[in-house]
Amino acid sequence: MTGVPYEEWRGRADRLAPYTDHHIDGTFSPSTGSPSTGSPGEMTMPVVSPRDGRTIAHVAAAGAADVDRAVGAARRAFDDGPWPRLAPAERKAALLRWADLVERDREELALLISLEMGKPISEADGIELRAVIGCLRWYAEVADKQLDESPQTGEGSLALVTREPTGVVAAVVPWNFPLTMAAWKIAPALAAGCTVVLKPAEESPLSALHLAALAAEAGLPPGAFNVVNGAGEIAGRALGEHPGVDVVAFTGSAEVGRHFLRYAADSNLKRVWLELGGKSPNIILPDAPDLDAAADTAAWGIFFNAGEMCTAPSRLLVHRSVADRVLERIIARAGTLRVGDPLDPSTEMGPLVSARHHKRVLSYVAAGHDDGARLRTGGPGDGLFLQPTVFDQVKPGMRIAREEIFGPVLAVLEFDDADEAVRLANDTDYGLAAAVWTSDLSSAHRISRSLKAGTVWVNCYEEGDMSVPFGGMKQSGHGRDKSLHALGKYTDLKTTWITL
Ligand code: NAD
């Protein structure tokens with residue numbers, strides 16, 4: 001946790017002077033065309049802090065012309081520039097310098113994240129920035145350790161199977177972990193030799209722009225890494241449709257993921273990788289090694305980051321025989337969670353990201369009531385805050401059991417045996433993550449094999465490492481972030497056959 005006191009964070013927030021222009025071709029520049037019409041004139045959009053509803057900056061909002069400038073810069077940097085042609089060890093060195101600068105500006109970046117999207121400052125610094133720095137360093141280290149193949153094809157030939165960077169990558173990301181989601185795409189793409197245009201979410205452009213300034217300071221060549229801010233429907237769409245983009249790496253909602261598949265189909269069939277939402281089941285069997293730990297982890301999982309987590313364990317499936325005990329402990333934990341100003345280092349849960357999202361989450365609380373679930377604790381708070389909320393007596397057909405809420409709202413369902421738990425767990429369009437708590441090794445393996453999810457945790461939740469892949473099955477998307485597997489998203493295999 002950060003050692004900076006609350007007063008000091010507030011003082012720094014008052015003195016905030018963030019970057020606000022796009023970062024294109026190695027330098028900051030304002031919009032050159034109106035987002036909706038493409039006509040001349042600088043265009044901006046406000047960044048509103050969910051902490052207090054104050055506008056903390058106006059950032060340039062890209063129209064199609066600005067996206068075209070950014071893609072053009074990335075295109076030139078890829079087609080003619082040094083980045084893809086550098087020795088991998090030099091790309092590694094540049095990425096390591098960048099990571100060092102992110103570490104230097106860690107508190108400043110944490111403050112920007114906390115202000116723009118409401119994440120508690122201690123988590124922005126201690127969890128998000130740590131993850132971003134770790135990710136940049138991990139892929140930097142990977143850059144110069146890739147080996148190509150030469151299969152044995154017989155005496156009369158030499159076959160080479162080489163990996164080549166695919167080209168220009170458009171990374172379009174959400175606001176909930178604004179820099180981690182960006183780093184998971186940028187770092188492997190750049191390590192592989194691609195060039196990148198990042199479009200952050202409307203809610204969280206400030207941290208991304210600071211990251212871009214640090215990329216330039218680290219010596220990444222102009223055009224290798226660009227950031228355009230703007231509305232999804234305008235700037236995101238322009239990237240999705242742009243013929244100069246070779247790969248879209250998207251994290252966000254399933255709805256927008258569908259748009260990107262259509263943009264690709266209607267333009268140049270660019271490769272589209274999707275990391276989408278979830279409705280992850282967390283199964284607690286009566287033989288869990290420690291029921292209290294299971295309950296505490298269930299509570300932590302759903303309330304962490306105000307429930308604005310793609311992997312949030314938002315469906316608790318608990319065996320009827322232990323449901324009361326587990327639920328009581330979760331409710332008790334909900335009651336002690338420190339909900340408040342994200343700039344207070346002791347805060348555990350901040351506000352929801354925006355008025356629009358707050359309204360959406362509250363509509364699910366109302367739907368829970370209307371559909372007959374029982375509200376055990378929680379509900380609206382002041383401003384954009386929501387109290388940690390728990391519903392029990394949830395039935396599988398209810399909206400709060402089926403739809404991604406993306407807020408601190410837990411739906412509790414009970415089951416009588418493990419087969420029923422697996423059926424309930426898989427009864428969803430999503431397949432991002434799942435967990436099972438049991439002391440029985442066979443049950444753990446059998447159940448995790450039966451769960452349709454990209455990640456299954458056994459007797460834990462949200463554990464991970466850069467070395468393990470992360471991504472979804474079913475409508476949670478496809479392709480994997482993190483690990484060596486992510487490099488496959490940004491590279492093409494080429495076979496060169498030489499007859500000797
Ligand atoms: P979103 O889909 O609304 O927006 C994500 C990004 O897409 C933003 O940059 C946005 O500007 C852009 N966008 C929006 N509409 C667009 C359009 N019509 N065309 C092109 N781009 C468009 O998602 P969000 O509200 O920012 O984030 C929440 C969602 O992200 C949740 O569904 C959550 O589960 C998901 N998410 C998934 C993961 C994962 O790794 N699987 C991680 C974090 C968040």
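Leaving aside neighbours within four places in sequence, which residues is Thr251 in contact with? Here are some friendly notes, with that one taken up in point 5.

1. Please keep in mind that this is a predicted model, in which local features need pLDDT of at least 70 and side-chain atom pairs count only at pLDDT 80 or more, while totals for chains, interfaces and linings use all residues. Residues are numbered from 1 along each chain as its sequence is written, and side-chain values use heavy atoms, with hydrogens and water left out.

2. The domain assignment gives domain 1 as 6–276 + 477–495 and domain 2 as 281–466; such bounds come from an automatic or database assignment. Taken over C-alpha atoms, the two centres are 30 Å apart. The contact (heavy atoms within 4.5 Å) draws 30 residues from domain 1 and 27 residues from domain 2.

3. Between them, domain 1 and domain 2 bury about 2400 Å², with 63% of it on carbon and sulfur atoms. Buried area here is the accessible area (1.4 Å probe) that two parts lose on being put together, summed over both. On the domain 1 side, Tyr6, Pro50 and Trp175 lose the most area to domain 2, together 22% of what that side buries.

4. The rule finds 1 salt bridge across this interface, a salt bridge being a side-chain nitrogen of Lys or Arg within 4 Å of a carboxyl oxygen of Asp or Glu. Asp341 and Arg51 form a salt bridge, with their closest N and O atoms 2.7 Å apart.

5. Back to Thr251, which sits in strand β9 (residues 247–251); strands are DSSP runs of E, at least two residues, and helices are runs of H or I, at least four, numbered from the N terminus. Beyond its neighbours within four places in sequence, Thr251 is in contact with Val172, Val173, Pro174, Met181, Lys185, Glu275 and Asp481. Thr251 counts as buried because its relative accessibility is 7%, the cut-offs being under 20% for buried, over 50% for exposed and partly exposed in between (1.4 Å probe, protein chains only). The side chains of Thr251 and Lys185 are joined by a polar contact of 2.9 Å. That term means a pair of N or O atoms within 3.5 Å; within protein, one must be able to donate a hydrogen and the other to accept it, and residues adjacent in sequence count only if both atoms are side-chain atoms.

6. Asn176 is also worth a look, in the loop between β6 (168–172) and α6 (178–192). Asn176 is buried, at 4% relative accessible area, and its side chain reaches the backbone oxygen of Glu308 at 3.0 Å.
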